[in-house]
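Please examine the model shown here alongside the following numbered points.

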Amino acid sequence: MTQYRGLDKPKGRSFFLFWKAMFVAAMLALVAFFWVASSSVEYIWRWNRVPQYFWVNEAADVRAEAEGDVTIIDRQGNEQRVVVRDASGEEHTHMLPGEGKVLVSSGDFAYRGDVLGRYQLNKPGILLEGLWVTLEVSVLAIIGGIVIGVVTGLCRISINPMLRWGAIAYIEIIRGSPLLVQIFLWYFVVGTLINALLEHVGLGGISPLWYGVMALALFTGAYVAEIVRAGIQSVHRGQMEAARSLGMSYAQAMRKVILPQAFRRIMPPLAGQFISLIKDSSLLGVIAIRELTKATREVVTTSLQPFELWIVCAVLYLVLTFTLSLFVQYLERRAIR
């Protein structure tokens, strides 16, 4: 006889304790496996060197740009100024932060490359900068993807053939080609044409970051459009008919009745799509955008610490995606209430 879960005998406390213990044991076994595997590899772990790639705190030197006599040492606001006059009489100005230390005196002769002053440099490291670029690109692409996806999703169910066919063509083209190819097209083809046109009229070129954002936004917008379309069509047809019978226009019924219900239903798939977008932003390194993955690759090349740095990179991506997942869950609870 088939046993249905709704008719099963309630599970006792021991059932849940046993399977929780099994989960903990499985996690410990996984950690032990990686520990044994890493111990068998001839590799020296250097976790103590990782923090320097998050925050730089080191002494920085200010060096003479040309040889000559030190003529002026004074303070200008929050900075210190050291002026070196070369043999031709040209003056070279060097600036130090106010808390820096000047190591020469007026009248000294400085050779090119001599240290004129030293100060303590405090700034974000390459990994923190890469994390910020990944966050910036992801937020901009998510906003753009939502706008493009909602508009395209509405066009997808429109009775206007032009809007419907245009939406279908856009969705199929974007979903039918790899994201990496689209990034190359945006940067090398569209970017080259637009920047050449801007330079022709005397304007500066657009940063590669914006081409990357557009590629991610259009790619995400195609998937969001299908999610929005499915969410709208999942709302019972009677909802629209009831709203129209109350005197609402199609736009009012869609905005006040249909879309609020649809968005509550599509939040989980939207969260999955946006999490994928954050991970897909790692492809932007191919067009010289120093996001988290490219920054990690550069550090690995110079430090020869692949194990520690790629583990840290994975953890940082997990922090971003898990935070987004918690935020979407919070929005879901708010929508239900």
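1. Two strands pair if DSSP finds at least two bridges between them; strands (E, at least two residues) and helices (H or I, at least four) are DSSP runs, numbered from the N terminus. Nine bridges join β1 to β7 (residues 115-124), and Arg 63 stands opposite Val 115.

2. This is a predicted model: local features need pLDDT of at least 70, side-chain atom pairs count only at pLDDT 80 or more, and totals for chains, interfaces and linings use all residues. Residues are numbered from 1 along each chain as its sequence is written, and side-chain values use heavy atoms, with hydrogens and water left out.

3. The largest nonpolar core has 59 residues. Such a core is a set of buried Ala, Val, Leu, Ile, Met, Phe, Trp, Tyr and Cys residues joined through side-chain atoms within 4.5 Å; buried means under 20% relative accessible area, exposed over 50%, partly exposed in between (1.4 Å probe, protein chains only). Helix α7 (250-280) provides the largest share of this core, 14 residues. A second, separate core of ten residues includes Val 102 and Leu 116.

4. Tyr 43, Trp 45, Trp 47 and Phe 307 form one aromatic cluster. Rings of Phe, Tyr and Trp (its six-membered ring) pair if their centres lie within 6.5 Å; planes under 30 degrees apart count as stacked, over 60 as edge-to-face and the rest as tilted. The Trp 45 and Trp 47 rings are stacked because their planes are at 10°, with centres 5.9 Å apart. Trp 47 is partly exposed, at 41% relative accessibility.
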